[in-house]
Amino acid sequence: MAVNRTPVLKRCRSLGLDPVYLGIDKKSTRQLRRSSRKISEYGLQLREKQKAKFIYGVLEKPFRNYYDRAERMQGQTGANLMAMLELRLDNVVFRLGLARTRKEARQIVDHKHVTVNGKVVNIPSYQVKAGDVIEIKENKKGSQRYKDILEVTGARLVPEWLDVNQETLQGTVKEVPSREAIDVPVDEMLIVELYSK
């Protein structure tokens, strides 16, 4: 599997992104020294795509597949794309506060700690649907790892399209999120323009 090994804060700086969106509360004090050149339209579109890929931890080919599927769906392509990225299992685990970062959420799913509607799912890109119940496996709930995670994520705001019970480490997807409910700083219209060329 391909892994992006670029230092996270360095990548955030280059994309003009706040590390908080990745679940990281560190701040970089370095300033990005960019020449005063104006970024082209293509450059802006490319940066938005790279931002979305970086936030959700998706590589180019799967991201393109998401776009193609979003285009075939009814409604706005950009909003569909963001909803599909948001409904990835690793992202939902992160949003529920069952992981500190999206990378940790991906690892938790990979290690078979997560059940969807009572069945173990170890595919981070698994698309959850409205009404799905996501839960940490019974034999893992008492582990120190999840106590530490809840200490950190306890105060984190859970989006209104999700319902979570932190005592039982369980959450429910109430509905497919609308674009307004997704707080990711990505202009999806630029991504649509980039791919529709």
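Biologist: At roughly what angle do the axes of helix α6 (residues 102-110) and α7 cross?

Modeller: This is a predicted model, where local features need pLDDT of at least 70, side-chain atom pairs count only at pLDDT 80 or more, and totals for chains, interfaces and linings use all residues. Residues are numbered from 1 along each chain as its sequence is written, and side-chain values use heavy atoms, without hydrogens and water. The axes (lines fitted to C-alpha atoms over the stretch in contact, angles from 0 to 180 degrees between N-to-C directions) of these helices (DSSP runs of H or I, at least four residues, numbered from the N terminus) come within 14 Å. They cross at roughly 155 degrees.

Biologist: How are α6 and α7 oriented to each other?

Modeller: Their crossing angle is roughly 155 degrees. Angles over 145 count as roughly antiparallel, under 35 as roughly parallel, 65 to 115 as roughly perpendicular and the rest as oblique. So α6 and α7 are roughly antiparallel.

Biologist: Which residues of α7 make the contact with α6?

Modeller: Contact means heavy atoms within 4.5 Å. On the α6 side sit E104, Q107 and I108. From α7 come R145, Y146 and I149.

Biologist: How many residues of the contact of α6 with α7 are charged?

Modeller: Asp, Glu, Lys and Arg count as charged; Ala, Val, Leu, Ile, Met, Phe, Trp, Tyr, Cys and Pro as nonpolar; the others, Gly among them, as polar. Three are nonpolar and one is polar. The charged residues number two.

Biologist: How are helix α4 and helix α8 oriented to each other?

Modeller: Helix α4 (residues 77-86) and helix α8 (residues 188-195) have axes that come within 8 Å. The axes cross at roughly 110 degrees. Therefore α4 and α8 are roughly perpendicular.

Biologist: Which residues in α8 does α4 meet?

Modeller: α4 brings T77, G78, A79, L81 and M82. By class, this contact has five nonpolar, two polar and one charged residues. In α8, the partners are E188, I191 and V192.

Biologist: How far apart are the axes of α2 and α8?

Modeller: Helix α2 (residues 41-56) packs on α8 at an angle of about 115 degrees. The two are therefore roughly perpendicular. Their axes are apart by 8 Å.

Biologist: How many residues of the contact of α2 with α8 are nonpolar?

Modeller: α2 contributes E41, Y42, L44, Q45, L46, E48, K49 and A52. L190, I191, E193, L194 and Y195 come from α8. One residue is polar and four are charged. The nonpolar residues number eight.
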